[in-house]
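Welcome, and thanks for taking a look at this one with us. Below is a short briefing to read alongside the sequence and the structure.

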Amino acid sequence: MSRQADLPPGTLDLMILKAVSLGHVHGYGVLLRIEAISGGAILVQQGALYPALYRLEHQGLLSSEWGTSENNRRAKYYQLTPLGRRQFGEHKASWRRLTDAVALSLAATPQEV
Amino acid sequence: MPRPDGFEGLRARIQSLIRGLRRRDDVESEIREEFEHHIAMRAEHLQRQGLGAGEATRQARIEFGHQDSHREDARQSRGLRLFDQARFSWLDVKLGLRMLVRHPLLSLAAIFALAIGIPVGIAPAHVAAALEAPLPGDPQHRIRAIRNWDPLAANVHATRYEEFEFYARELKSFSALAAFRTSSYSVASDDGRAAPVAGTEISADGFSILRTPPLLGRTLAPSDGDYGAPEVAVLGYDFWRSRFGADPDIVGRAIRVGRTVRTVVGVMPDGFRFPSNEQLWLPLTSEATGSVGSQTSVRIVGRLADEVSAEQAQAELTAIGLPPLAVPTEGRLRLRPEVVSFGLLYMGLPRGGLDTMVEYRLVQMMMLAILLVACGNVAMLVFARTVTRFREMVIRTALGASRSRIVTQVFVETLVLAVVAAGAGVLAIDWLIRHVNIAAFVSEAALPYWLSLGVTGTAMVQAVLLAAVCATMAGVVPAIRITGRAARASVRSEPMARFGGLTSALVVGDIAVAVAAVGLSVAMVGQATHFRENDEAAGIAAAEFLAAEFRLPDDGLMTAAGPDQARFAERLATTQRELVAALSAEPGVTGVAIADALPRMDQRARPFEVEGAERTANGHTRWVSTIRIDVGFLAGLGRSVVSGRDLTAADVEGNRPVVMVNTPFAEREFPGENPLGRRIAFPTPDDGDAPVWHEIVGVVPHLGISMINPQRGAAVYLPAQQGAINPMQVAIHAGTAPDRLVARLPALVRSVDPSLVMGAPVLLSELRQGDWYQVMGIAGGLAVLVGVLVTLAASGLYAMLSLAVSERTREIGIRSALGAPARSLVMIILRRALIQISLGALLGLPFAARFVFELGEGPDGGASPALSVVWAAGLAGLVVLAVSLISFLVPTRQVLAIGASEAMRAEG
């Protein structure tokens, strides 16, 4: 099995919210940050990133403003809105409950059945 | 991850959507810039990993993928995709126009329906707005009227000159107020020729309020009304042209107005006819300086002071309340002083205009219902038109065209049709308004100069909006139905879209309503014609009577103060006596009847109450037609009382007020009782503590009061003194050849009084009262409705049948090859349509028969149920024939032309 993991459906939004929650960041930065915090295990398709960013912005979870990036170009920086922060907290907790349950299930032995 | 719910999320989505729609270009360029930034960052990253600049950029672009596709996804994420698909181009509009030409019959039928439906839909609001529009030359709508509203009688009660003086003194909300009153004047020029003209006396500030500059000379100035000031007059444009040959030196010339010589000081421009259609303006002088007394009825108009709104003026007027009058009455306490638009004063409509009237709301709802029916039928036609492109839609759907794209296209095509129809309808109405004398329908010579019913920009906008609503109803629903089927047909072989139950119901409904409407229309025309032609309908041999109006220009003296009024009344009485004597002396004349309204004319309605009877609980006033008659009126018409006695000279001069009532009134108010001796009153706010009671002394037959239903024409006849009726309506019983008298009348009138003005004499049987125009208007409207419905139903059926022929070509070809007779081949296609037409005709038939029975020959005309059914069946047959001819002809020919070769081609 490859070291890189496929993102389950719906997980990209959560990863983007996490990346942005660490500090305001432009689109390419989101890509790098997800790669970095996942230890290179999650590689986001570049084409999939922007529709997800725009969707989250459209839903009021992210806000954006234009600034200057490290290469001195105009770049659009994203940050969490209060609504986004709340939603992120809720989904993070939900995700943990799910992964714990899945992990617990996968660790089950015949004796436990 | 689920979408966040709640108000915050909703607000964010709406804001994002609005921004995406309003700043589409900005959003697009931001997306592009962001993508370029991403690629540049990635390229730098790759360069740091060792790639050359060009290769790094190329690699970054490859990794990023197709930008257009990402942009499309990005727009979808923002919820903009639906709007992108809903956008339409000029190509769609061109396609819409092409579709109009490609299906001319369907297009014409749909345009015909909407060209009537859309103007009908906007008409009520248009008329309501026109009635409240500012006067010409007052774009800011600063000119308002002050009036007394009588809530009990729901009409305007006269304001007196003393009220005007009070308001002019007390009200601060108006920069100026003017009083005016209209009258008929006899104007003679140098040659001594006198002619009557409608004129207005207007107080000092009148022209400064109206602010219309004169064409020649000057308008009336405040000093013109001063005591001892020279007598002056201002002429109207039409009068100046017709009477004085547009004399450019008219200013300074002397003319005789009544008995006064006046100097013309100015001519007003074309189109100025304040307050309605007047052509002469004179100074209104106060009690101190001349013509009017404090009790004289005037109307009040004013200009709002700067920065003061009509609402503020109303508030001040309400706070001030009714003016203290010299002769106060109990009834006046209920009056409500109001500040209203000039049109509302003039038309006597309640404050708030037509919008506040239940009748108006009903008319509005009825008009919208007509539009709704038209839209429903157009939906059927659009469906029929769209069905012909079913295969195109299947292919486009298979090639990836979205459903919303195709729906949008059909919507635009329908919108094009609806806008063309709205334009055609509105322009047709505009043409009618310009070329048809609408005023004649309300028995007026012309509409008031300030009432413009022509098409305005607002009306055009309303028409286009209504067209868009119609297109949404008539275009989107059929398109959704057909595209749904096309989508399924693109993935599996599904037959073409078919006309469903709703379409059949529409066709059946159209024909049923058309049959009923044609029955009603024919019955109404029949009744109106019957009534008009039947001399005995009013109990009078109307064809033997000449009816003519005689008016003595009163020069404002009828309502003048003091001895002038009495002198004029005496002169009028003398003229009346001499006129009757001269007419009676004519050979063949056997009677002369004088009243303010003759049988078959419109009569004045007044509120009334019966002594001893309770007023209606809801406070609504009951109304009855009243006619003021000269003594000898009944005898002049060759009729006599049914019971009691006729009015006599003693009744006119005596102190005991008496009236006669007609049989419909007696039967309605005193069922089973003797009305003689009972008393009725016509209460007005000017009555003292008690109303003036009139004793009923006689009952007269129905004398042609109501055209629609003689049984409902309740009327009361009041005696009038000689010299009290002006203009006089005179009926001359001239025997079997009244026409011979017509030629002699002008000379006869001149011999009585040269200034007596006679209207065109007509046969009494030819008089058409307002009811007649209403009946004919409704009948005409119904005839148009029948035409629309027949065309719609025929077009829908035609489309249905054409589709059926093209679908069943192969089957028909095979049957034809196997020797099936032509009749059975045609019936394959026509059977369903025949059932629908027959069903519609059968449903409409009972209604048509009922209308024919009820109205066809009047209540005592002897129309039998069987004859009515025969009539109705004949009319239904005509409708069926018209629909069948239009819709069957072409499909039948198509069926008969199908041979084996066509069948083979259809298979391919």
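Does B:Leu552 count as buried or exposed? At 0% relative accessibility, B:Leu552 counts as buried. Please keep in mind that this is a predicted model.

**Chain B overall**

- Chain B has 908 residues, and buried residues make up 50% of them.
- Its secondary structure comes to 27 helices and 24 strands.
- Among contacts in chain B between residues at least 6 apart in sequence, those joining residues at least 24 apart account for 78%.

- Helix H1 (residues 6–22) of chain B packs on H2(B) at an angle of about 95°, and their axes are 5 Å apart.
- Angles of 65 to 115 degrees count as roughly perpendicular, and H1(B) and H2(B) are therefore roughly perpendicular to each other.
- On the H1(B) side of this contact are B:Arg19, B:Gly20, B:Leu21 and B:Arg22, which meet B:Arg24, B:Val27 and B:Glu30 in H2(B).
- Sorted by class, the contact of H1(B) with H2(B) has four charged, two nonpolar and one polar residue.
- Helix H2 (residues 24–48) of chain B also packs with helix H3 (residues 53–64) of chain B, here at an angle of about 130° and with the axes 8 Å apart.
- That angle makes H2(B) oblique to H3(B), and the crossing of the two helices is right-handed.
- H2(B) contributes B:Phe35, B:Glu36, B:His38, B:Ile39, B:Arg42, B:Ala43, B:Leu46 and B:Gln47 to this contact.
- Their partners in H3(B) are B:Ala53, B:Ala56, B:Thr57, B:Gln59, B:Ala60, B:Arg61, B:Glu63 and B:Phe64.
- By class, the contact of H2(B) with H3(B) has eight nonpolar, four polar and four charged residues.

**Salt bridges**

- In chain A, the side chains of A:Asp13 and A:Arg55 form a salt bridge, with an N to O distance of 3.0 Å.
- A:Asp13 lies in helix H1 (residues 11–21) of chain A and A:Arg55 in helix H3 (residues 46–58) of chain A, so this pair ties together parts that are 42 residues apart in sequence.
- A:Asp13 is buried, with a relative accessible area of 5%, whereas A:Arg55 is partly exposed at 30%.
- In chain B, B:Arg71 and B:Asp68 form a salt bridge whose closest N and O atoms are 2.3 Å apart.
- B:Arg71 and B:Asp68 are three residues apart in helix H4 (residues 67–77) of chain B, so about one helical turn separates them.
- B:Asp68 counts as partly exposed, at 44% relative accessibility.
- Salt bridges that share partners join B:Glu28, B:Asp68 and B:Arg71 into one network.
- Another salt bridge pairs the side chains of B:Glu162 and B:Arg160 (3.7 Å, N to O), and both B:Glu162 and B:Arg160 are buried.

**Residues worth a visit**

- B:Arg71 lies in helix H4 of chain B and counts as buried, at 13% relative accessibility.
- Setting aside neighbours within four places in sequence, B:Arg71 is in contact with B:Glu28, B:Ile31, B:Arg32 and B:Phe35.
- B:Leu552, the residue of the opening question, lies in the loop between strand S13 (545–551) and helix H18 (563–584) of chain B.
- Which residues does B:Leu552 contact, leaving aside its neighbours within four places in sequence? They are B:Phe568, B:Arg571, B:Leu572, B:Thr575, B:Asn726, B:Asp753, B:Ser755 and B:Leu756.
- B:Leu552 and B:Arg571 are 19 residues apart in sequence, and their C-alpha atoms are 9.3 Å apart in space.
- B:His126 lies in helix H7 (residues 104–131) of chain B and is buried, with a relative accessible area of 16%.
- Beyond neighbours within four places in sequence, B:His126 is in contact with B:Leu453, B:Gly454, B:Thr456 and B:Ala459.

How values were computed:
Residues are numbered from 1 along each chain as its sequence is written. Chains are lettered from A and ligands numbered from 1 in the order in which they are written. This is a predicted model: local features need pLDDT of at least 70, side-chain atom pairs count only at pLDDT 80 or more; totals for chains, interfaces and linings use all residues. Side-chain values use heavy atoms; hydrogens and water are left out. Axes are lines fitted to C-alpha atoms, for helices over the stretch in contact, and angles run from 0 to 180 degrees between N-to-C directions. Helices (H or I, at least four residues) and strands (E, at least two) are DSSP runs, numbered from the N terminus. Angles under 35 degrees count as roughly parallel, over 145 as roughly antiparallel, 65 to 115 as roughly perpendicular and the rest as oblique. A crossing is left-handed if the near helix is turned anticlockwise from the far one by less than a right angle, and right-handed if clockwise. Contact means heavy atoms within 4.5 Å. Ala, Val, Leu, Ile, Met, Phe, Trp, Tyr, Cys and Pro count as nonpolar, Asp, Glu, Lys and Arg as charged, and the others, Gly among them, as polar. A salt bridge is a side-chain nitrogen of Lys or Arg within 4 Å of a carboxyl oxygen of Asp or Glu. Buried means under 20% relative accessible area, exposed over 50%, partly exposed in between (1.4 Å probe, protein chains only).
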